[in-house]
Amino acid sequence: MQNYKLLNLIYPEKCVVCHQILTEPRGERMCRVCRTAIFPVTEPRCKRCSKPLIDLEAELCENCRSHEFCVDRGFALYPYNERMQKAIRNLKYRGELAGGKYFADQMSAGYGAWVRRISPDVLIPVPIHKRRMRFRGFNQAACLAVRIGQRLGIAVDLNYLIRTGNTKPQKGLGGRARINNLQKSFSVVGENAAYRNILLIDDIYTTGATLEACGRILREAGAKRVYFLCLCIGSGD
């Protein structure tokens with residue numbers, strides 16, 4: 001106990017979301033306030049994209065009812081609320097990779113059984129453009145994918161799917177504008193069509209336009225099934 005108190009005094013652990021010093025046992029990564037505000041998506045939710053639903057009798061959200069998709073289906077762990085916005089900003093723009101590992105562990109724990117059932121050949125993170133990579137120094141989706149792959153014992157390919165277009169950020173764009181913004185933005189490297197069953201990993205699902213653009217390219221390269229697993233999902237269409 002004395003060693004724990006001394007360690008916590010010298011190197012106090014902070015909440016991965018709000019940065020408050022933790023008073024919980026060492027190893028807990030979120031404070032009590034954030035744990036009460038950040039909770040997994042539960043039913044009712046869309047059977048294809050996992051988006052929370054208001055209509056208890058609906059099976060699909062409006063977006064999934066209105067479109068056909070190359071990406072079969074997937075799940076997101078948390079609603080994209082104010083606290084998770086802060087957590088993802090910490091990861092993407094402040095390089096707080098410890099938080100990324102923590103949330104990847106939660107994704108693995110929450111959906112590991114489902115991932116094993118669909119038995120993907122590989123995990124592929126949604127790529128960012130090389131200019132953004134040089135500026136940021138890492139791809140947050142790749143950080144999640146590598147950790148999930150380690151936890152679940154599944155191969156991760158960081159080089160097969162690349163981003164060829166340095167598109168403007170999707171935030172603030174409507175559904176059609178997002179799709180137009182992403183046209184011809186991705187490609188696969190080489191002629192390797194060995195991946196038949198792919199699980200895409202990303203941080204946020206909003207309209208699904210980015211994942212769909214990736215899925216279309218992967219299908220053209222030979223994939224038969226494309227699924228996704230995201231950290232957060234928005235509530236809008």
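Trainee: Which residue just after α9 takes a positive phi?

Mentor: Just after α9, G222 takes a positive phi, of about 120 degrees. Please note that this is a predicted model, in which local features need pLDDT of at least 70 and side-chain atom pairs count only at pLDDT 80 or more, while totals for chains, interfaces and linings use all residues. Residues are numbered from 1 along each chain as its sequence is written, and side-chain values use heavy atoms, with hydrogens and water left out.

Let us now turn to the helix itself. Helices (H or I, at least four residues) and strands (E, at least two) are DSSP runs, numbered from the N terminus. With 12 residues, α9 reaches 17 Å from its first C-alpha to its last, close to the 16 Å expected at 1.5 Å a residue; the expected span is 1.5 Å times one less than the number of residues. Because 9 of its 12 residues are buried, α9 is largely enclosed by the rest of the structure. Buried means under 20% relative accessible area, exposed over 50%, and partly exposed in between, with a 1.4 Å probe and protein chains only. Among the buried residues of α9 are A209, L211, E212, C214 and L218.
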